[in-house]
Amino acid sequence: MSEVVEAGVWGLVAGSALLLGAVLGYGLRVPQRVIALVMAFGAGVLLSAVSFELIGEAYDQAGLGPAAVGTLAGAVAYTAGNLWLARRGARHRKRSGNHTGQAQPSEGEQSGSGLALALGALLDGIPESAVIGVSLLDGGAVSAVTVAAVFISNIPEGLSSSAGMKRAGRSKGYVFGVWGAIAAASTISAVLGYAVVGGFSPAVIAGVTAVAAGAILAMIADTMIPEAFEEAHLAIGLVTVCGFLVSFALSHV
């Protein structure tokens, strides 16, 4: 299997977790506390992967400067995109809609919110998938920890968001169409992460890795932790730490 194809396959595997979560969230009545706890665990897993697999790797390749600048640039870019989408109805795209004032709007309540929600899901998923392809550039083998972290975190993201879409009156075709498209986009993003970034110098690769890391960190703080805290604030710290330690252990096996 060529490395480009391998990058696409792993991107699809990670992105398919969003579709799996969407099926669970739309078809089952999952308790809100369970959603919150799984979201907290996924946030911990991603935090560890970003720290040791992404920012740590960027630092080893190019030093503190590119790693820090790239991380800040990624966070700024994500935050700017998130603010733009929030004004168009995607503020609560990861929310399950269980609380008044934190539900996703229907199309009747805010025209164009359906597109904004889809773009928001794309904004959240692209950095995660791109780093899977970039990880192949280091020794020709994909980072199993990065794939595992993205897969584990994607399940509660898809679960909570699809539950919120259902509460907002979105059709089954819309919900699964969005998450199916994001899974496909994850495949393309991983391929581009390998094929495009691979032609650059180690310093640029480190910078791109750091940009993705910064975007993921901002996404965790903006969309994952708030939903987890809302339902399980007394346990979120412990569960997040457990997720962090699981990912840390995988990276050191």
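**Helix packing in a predicted model**

Good morning. Helix H4, which covers residues 113–135, packs with helix H5, residues 144–167, at an angle of about 160°, and their axes are 9 Å apart. With angles over 145 degrees counted as roughly antiparallel, H4 is therefore roughly antiparallel to H5. Their crossing is left-handed.

Which residues in H4 meet H5? They are Asp-124, Glu-128, Val-131 and Ile-132. On the H5 side, the partners are Thr-146, Val-147, Val-150, Ser-153, Asn-154 and Glu-157. Sorted by class, this contact has four nonpolar, three polar and three charged residues.

I turn now to helix H2. This helix spans residues 32–62. H2 has 31 residues, and from its first C-alpha to its last it reaches 43 Å, close to the 45 Å expected at 1.5 Å a residue. Where is the kink in H2 centred? The kink, of about 35°, is centred on Val-50. After H2 comes Gly-63, with a positive phi near 95°.

H2 has two packing partners that I wish to describe.

The partner I take up now is helix H7, residues 202–232. The axes of H2 and H7 come within 8 Å and cross at roughly 160°, so the two helices are roughly antiparallel to each other. H2 passes H7 in a left-handed crossing. The contact of H2 with H7 has 27 nonpolar residues, together with four polar and three charged ones.

The other partner is helix H8, residues 236–251. Here the packing angle is about 40° and the axes of H2 and H8 are 7 Å apart. H2 and H8 are therefore oblique to each other. In this case, the crossing in which H2 passes H8 is right-handed.

Which residues of H2 take part in the contact with H8? Among them are Leu-37, Ala-40, Phe-41, Gly-44, Val-45, Leu-47 and Ser-48, and also Ala-49, Ser-51, Phe-52 and Glu-53. From H8, the residues they meet include Ile-236, Val-239, Thr-240, Cys-242, Gly-243, Phe-244, Val-246, Ser-247, Phe-248 and Ser-251. By class, the contact of H2 with H8 divides into 13 nonpolar, seven polar and one charged residue.

To close on H2: this helix meets H7 in a left-handed crossing and H8 in a right-handed one. Thank you.

Methods: Residues are numbered from 1 along each chain as its sequence is written. This is a predicted model: local features need pLDDT of at least 70, side-chain atom pairs count only at pLDDT 80 or more; totals for chains, interfaces and linings use all residues. Side-chain values use heavy atoms; hydrogens and water are left out. Axes are lines fitted to C-alpha atoms, for helices over the stretch in contact, and angles run from 0 to 180 degrees between N-to-C directions. Helices (H or I, at least four residues) and strands (E, at least two) are DSSP runs, numbered from the N terminus. Angles under 35 degrees count as roughly parallel, over 145 as roughly antiparallel, 65 to 115 as roughly perpendicular and the rest as oblique. A crossing is left-handed if the near helix is turned anticlockwise from the far one by less than a right angle, and right-handed if clockwise. Ala, Val, Leu, Ile, Met, Phe, Trp, Tyr, Cys and Pro count as nonpolar, Asp, Glu, Lys and Arg as charged, and the others, Gly among them, as polar. Contact means heavy atoms within 4.5 Å. The expected span of a helix is 1.5 Å times one less than its number of residues. The bend at a residue is the angle between axes fitted to the seven residues ending there and the seven starting there.
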